[in-house]
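Subject: Handing over the structure

Hi there,

Here is the structure I promised to pass on to you. Please have a look at it first, and then read on for my notes.

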Amino acid sequence: MGFADVLDSGKFIITAEVSPPRGTDLSGVLAESHQLQGLVDAVNVTDNQRAMMRMSPMVLCHRLEEAGFTTIMHITCRDRNRLALQSDLLAAHALGIRNVLAMSGDYPTMGDQPSAKPVFDLDSVQLLQMIEKMNNGLDFQDEPIDGPTSLCAGAVANPGARPLALQLLKLNKKVSAKARFIQTQAVFDAEVFHEFADVMKSTGIPLIAGIIPLKSARSARFMNEKIPGVTIPEDDMRRMEAASDPVSEGLEIAAETIARIRQHCRGIHIMPVGGQGNTRRLLEMCGLD
């Protein structure tokens, strides 16, 4: 079953995220990904996440598809103009990749090569419009291409961003541009997410909530300070500071969050810090294994 079929099925969706290596050796991330076998509906592969240089996600998606996984390839407007975006989408389709997540991308100043020039020839809405044109056999200039794509495109959202009216305006543009699903930034505050999900209902688009199991008080502080759109409540910070086993405490917090938001979303997207080693344990805690 392809990911588009999963979206249409009505089932509770589980996706998880891996990152390509910062070098040529894929063995580590392939081993990490195999821990997700049978647990998830799709594996997201990041694209120079947080503006940190990594291998192209296309290669890892291709290898994972060959191994039987359904993948969602992230593609950002930060690093490519419209020519490169179209080239990469055609290449990804030719390699069997059928799902993409259209993103603007974090600014290079936040990453490991801060003097890199950002591109942003298009924004994420225009990227979604481009994908829809290519699915209809046209390039961005409305000229025919030799064979249409059949890409299922998703978009991202930040449930913590306010005002909500502005969030809804942006999301409606993405839905009009044929986004098939939304994956969100990490959710820690269930009440904030409920507000966002209630507003989102009018779009009718599947909402998949981002989940980051906290690993330590130090990493929680780092995320609060350095990762845009992530806000960890003070109660959770105090629990992590006091925990004798921070990894288990972080999993408990994640499981409690999933329980509180589960009725307000179509699925969850697991984005662990440091690998997928505890994803099976987390899903077991939630009764989702």
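Glu-241 is the partner of Arg-221 in a salt bridge, and their closest N and O atoms are 2.6 Å apart. The pair connects two helices, with Arg-221 in α8 (residues 217-226) and Glu-241 in α9 (residues 234-242), and the two residues are 20 residues apart. Arg-221 is partly exposed too, with a relative accessible area of 34%. Please keep in mind throughout that this is a predicted model.

How many salt bridges does the whole structure hold? A search finds 14 of them. In general, side chains of opposite charge can pair when their charged atoms come close.

Are the two partners buried or exposed? Arg-22 is exposed, with a relative accessible area of 54%, whereas Asp-112, at 28%, counts as partly exposed.

Arg-82 forms a salt bridge with Asp-121, where the closest N and O atoms are 2.8 Å apart. Here helix α4 (residues 82-94), which holds Arg-82, is linked to the loop between β4 and α5, which holds Asp-121, and the two residues are 39 residues apart. Arg-82 counts as partly exposed at 28% relative accessibility, and Asp-121 counts as partly exposed at 28%. There is also a network of salt bridges, which links Asp-47, Arg-80 and Asp-88.

Now for the cysteines. A search of the whole structure finds 0 disulfides.

Next, have a look at helix α3 (residues 57-66). Which of its residues are buried? They are Pro-57, Met-58, Leu-60, Cys-61 and Leu-64. These residues lie on the same side of α3, because they cover an arc of only 165° around the axis. The elements they pack against are β1, α2, β2 (42-45), β3 (71-76) and α4. Both ends of the helix are worth a visit. At its start, a side-chain oxygen of Ser-56 comes within 3.1 Å of the backbone nitrogen of Met-58. After α3 comes Gly-68, which has a positive phi near 100°.

That brings me to some backbone details. Most residues other than glycine have a negative phi, and most peptide bonds are trans. What is the phi of Ala-51? It is positive, about 60°, although Ala-51 is not a glycine. Ala-51 sits in the loop between β2 and α3 and counts as buried at 12% relative accessibility. Phe-120, also not a glycine, has a positive phi of about 50°. This residue is found in the loop between β4 and α5, and at 24% relative accessibility Phe-120 counts as partly exposed. As for peptide bonds, the one that joins Arg-162 and Pro-163 is cis, with omega about 5°. Pro-163 lies in the loop between β5 (152-157) and α6 (164-176).

Finally, the view from further back. The protein chain has 11 helices and 8 strands. Its radius of gyration is 18 Å, close to the 19 Å that the globule rule gives for 289 residues, so the chain is as compact as a globular protein of that length. Along the principal axes, the C-alpha atoms fill a box of roughly 60 × 45 × 40 Å. Of the 289 residues, 49% count as buried. Among contacts between residues at least 6 apart in sequence, 77% join residues at least 24 apart.

Enjoy exploring!

Best wishes

Conventions
Residues numbered from 1 in each chain as written. Predicted model: local features only at pLDDT ≥ 70, side-chain atom pairs only at ≥ 80, totals over all residues. Heavy atoms only, no water. Disulfide = S-S within 2.5 Å. Salt bridge = Lys/Arg side-chain N within 4 Å of Asp/Glu carboxyl O. Buried < 20%, exposed > 50% of the residue type's maximum accessible area, 1.4 Å probe, protein only. Helix = DSSP H or I, 4+ residues; strand = E, 2+ residues; numbered from the N terminus. Arc of directions from axis to C-beta. Contact = heavy atoms within 4.5 Å. Polar contact = N/O pair within 3.5 Å; in protein donor to acceptor, adjacent residues only side chain to side chain. Rg over C-alpha atoms; globule rule 2.2 N^0.38 Å.
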